[in-house]
Amino acid sequence: MTLQECYQALDGNYDDVLGRLRSERLVQKFVLKFLDDKSYELLCSSMEAENWQEAFRASHTIKGMCQNLSFTRLQQSSSNLTESLRNGWTPEAVPLLDQVKQDYQQAAAAIGELKASLGL
Amino acid sequence: MKNKTTRFLVCSVMIAAVLCVGVFGFLAFYMNRISSEIMSELGTVYMTGMNERITKHFETTIDYRLSHMEDLINTNSAEKEDYLEWLAYSAKARGFECLALYSSDGTFQMIYGDQVQVTDPEPFLHSMNNGEKKVAVGTDSKGTDLVLVGISAVYPMRNGKECTALVGGITVDYIKKVLALDEENALVYSHVIRKDGSFVIRSADAYRDNYFDRIWETFGDMNGKSAESYVEELKFAMEKEENYSTVLRLSGERRNLYCTALPYSEWYLITVMPYGEMDVIVDELSNQWFQMAFFSGGAILLIMLMIFLGYFRLAKKQMKELEAAIEKAELASRAKSEFLSNMSHDIRTPMNAIVGMTAIATANLDNPQQVQNCLRKISLSGRHLLGLVNDVLDMAKIESGKMTLNMDRVSLREVLDGIVGIIQPQIKAKRQNFDVRLRDIISECVFCDSVRLNQVLLNFLSNAVKFTPDEGHIALSLYQEPSSKGDDFVRVHLEVEDDGIGMSKEFQTKIFDSFTREDGARVQKTEGTGLGMAITKFIVDAMDGTIEVQSEQGKGSRFHVVLDLQKAIEQEADMVLPNWTMLVVDDDRMLCESTVAALSSIGVTADWALDGETAVKMVLEHHQRQDDYHIILLDWKLPGMDGVETAREIRRTLGDAVPIILISSYDWSEIEDRARQVGVSGFIGKPLFKSTLFYGLRPFAEAFDKELVPLPPQQTDFHGAQILLAEDNDLNWEIAEALLTDIGLKLDWAENGQICVEMYRNSAPGYYKAVLMDIRMPVMNGYQATEAIRAMTSRPDHDIPIIAMTADAFAEDVQKCLNSGMNAHIAKPIDVVEVSKLLEKFIK
């Protein structure tokens, strides 16, 4: 799987990210590092612990990373979740979290495949 | 020389034998003589004693008889009436045979007994008339020999006269008995003779009347003296009343004769001792002497012979050894001089490279790359040459086993690069096909003596070049496998294969001996010292490795070296290439596979093809799928369409977009122009180690990055302006750093607001030119941090530009930022152009 195919799989904008980072190498490097970030775990645990403020921050971080990497789909869902949590808990947060989870899994799977095809 | 020695030895033995016989013979003869002389002396001494004893005895006997006679006279004086009866009676009692009165005119008046007559009356009568005592021999009327003892006495005779002496007779046998003259089995016998030689008393077998006659007749020649001279000597001695002793041969045997005068008489005692028995003893002794001499001489001869033979054998053996040593020395000297004159083989190979490369460099002075290439090879060859010369000088050291290995960290890539560089010109000169094969590389860096390893491989290769005809094939293979020595070691296999003239089975057994080269017409014209293989074997042995040789005449040779070398930890500084798809084209499937494996380990996916036609087809297919290969590695020598043609074909369909790189174990200088013309972008030399590929492809990676997305032309450079970046997320930090460093900014990272404040507080005023502030951070958020910085009014730079960087891009967020004291707001994702524009505005 190529990097481009990966972007297709996780529903991101490859051209956009390449335009900003200007190097496929850099893009690949950061994409591969995406899964190392602990914000997603923090989000999940904070939601469970009903620490809405922390959950908001985590969601916000995910959104920021996705913006940087042009992971359009996950960026959208995490942005929605962020907004739903900005002023504390709202009922929309629960389905939005599920959406984030789903999109994150999709991205993680795509990146995993990319990793595998690189032999890492 | 051998004959001479043999003759000398034989002569010596013979001389020794003769000497031995002579000395012992002389010794035996001399001892015999001495013993016989001693015998004579002993005989003389014995005879002297014997004669004295007999003489004494005779004297005593005569004295005794005379005393009897005196007794008769004293006890029976003439006054007595019947003195004659008394005389007779007394004389009979004393054992006289007869008794008579002797008148002065020499007539006997018998008192009793038969009438006697003196055999030689003259001296007897004379002595009697002179009143002396005397004995004489006489006979009675019966013819019985009597010894007459006379003593002066005066008795009236019948004729009225007075007698002059009284004479008593005793039998000769009595004298004989008393004197033991006639004893049987006695060693000696004696005679009593008169001056004229006539016998008074004879004993033994003497029957003649005269003893001299006896000498005359029984005399046997001895010592050349005649019987006459003996008799004369005897007579002379008798005349002078001297004792006489001599040895003479009588009746066929040696006898000792001794003669002394007897008292009271005109007689002489002759004592004779035959040597007979003594001679037997002496003969036996001398026989024994001879035997002893013979045997000891023989024994000595035998021992000497044995010693000689032993010595001879020893000398012969030594001679043989000497001959062998001489032969060996001559061989060694010949080999050494041959070696000196033929040293060219090992030295000429790198020397040729130097000379050739110098010429090429001179011819291409305007082509710096070419010159550099040449210089690199010259220095490699020079270094090898230096090592080799050192080896030759140290040959003695090597042979005596004192060579040591200089184990150091060695890159196999560098070693093979160097060797390929050295050997290339020779291969080119013979238009041979050369291939370097690499597979299963576990560890590129190992601990080894690189000079020696070079030497081993170069020796194999230069031999392969030498013994392979023009346009033949030579291949160098390197592969590795886990070593049995442990995880720290790797087993390195090095193979040099050719399809040259090969070697005979006999030669294969001694190929590793010094100064050997196969004989035969086909090798004669090939130069060489024959030292290379010996050194090679020694080096591999010293490395605890093994060499295996497989060869067949006319088919080719294969040298296989196996070494267990310690792995060196590789400094693989992030060998990662972009995620390319590449195509590897080589006719060696093994090389393709190992290259693909090596490429994948540095982040490149690759396909491979075995010939040019397939490669072109594959490139086309990918092109049609809009999925072009990023780089194509193309072997130069390919079956059918060669590398250059393939490159031309690909260029024709693809255009110039895709870099095409030629891979080759040959020197590409000669095809470079042609290759460049058809659009080949570069060259990578075999063997293709991972590092070879990485360093060879990296320039294309940089070009690739640049080519793909050119930097905006209005790019600003901030010349290392120091920026403080507060960002809690690693990934975002890294992205920001990567992007902003590119435009000449230097970034310090604060992981949250509080750290940001601290770092700012601790920095020198004016050190940071700006702060890029994330808003959502743990511990202290961006707003609070900004307020804290702005609150440091004591610092001249508390109004430092602070730019918010956040994912929140709503207007109210922006307002909030500005309210907290920030100068501007940038929404994520970070856009370099936007950031640089903003910073440009705030940093003067």
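In what order do the five strands of the open sheet in chain B run? The close-ups below take that up, starting from a predicted model in which local features need pLDDT of at least 70, side-chain atom pairs count only at pLDDT 80 or more, and totals for chains, interfaces and linings use all residues. Residues are numbered from 1 along each chain as its sequence is written, with chains lettered from A and ligands numbered from 1 in the order in which they are written.

**View 1. The open sheet of chain B.** The order is E21-E20-E22-E23-E24, with parallel pairing (strands are DSSP E runs of at least two residues, helices H or I runs of at least four, both numbered from the N terminus; a pair needs at least two DSSP bridges). E21 (605-609) and E24 (682-685) sit at the edges with a single partner strand each, so one side of each has no neighbour in the sheet. On average, neighbouring strands are turned by 25 degrees against each other, direction ignored.

**View 2. E22 and E23 of chain B, with a helix on the sheet.** Four bridges join E22 (631-635) to E23 (660-664), and the two run parallel. Here B:Leu634 stands opposite B:Leu662 in E23(B). Helix H18 (643-654) of chain B packs on the sheet, touching E20 (581-585), E22 and E23, and its direction makes about 150 degrees with that of E22(B) (axes are lines fitted to C-alpha atoms, for helices over the stretch in contact; angles run from 0 to 180 degrees between N-to-C directions).

**View 3. Where chain A meets chain B.** The contact takes 26 residues from chain A and 23 from chain B (C-beta atoms, placed from the backbone, within 7 Å). On the chain A side, H5(A) gives the largest share, eight residues.

Terms used. Two residues are in contact if their C-beta atoms, placed from the backbone, lie within 7 Å.
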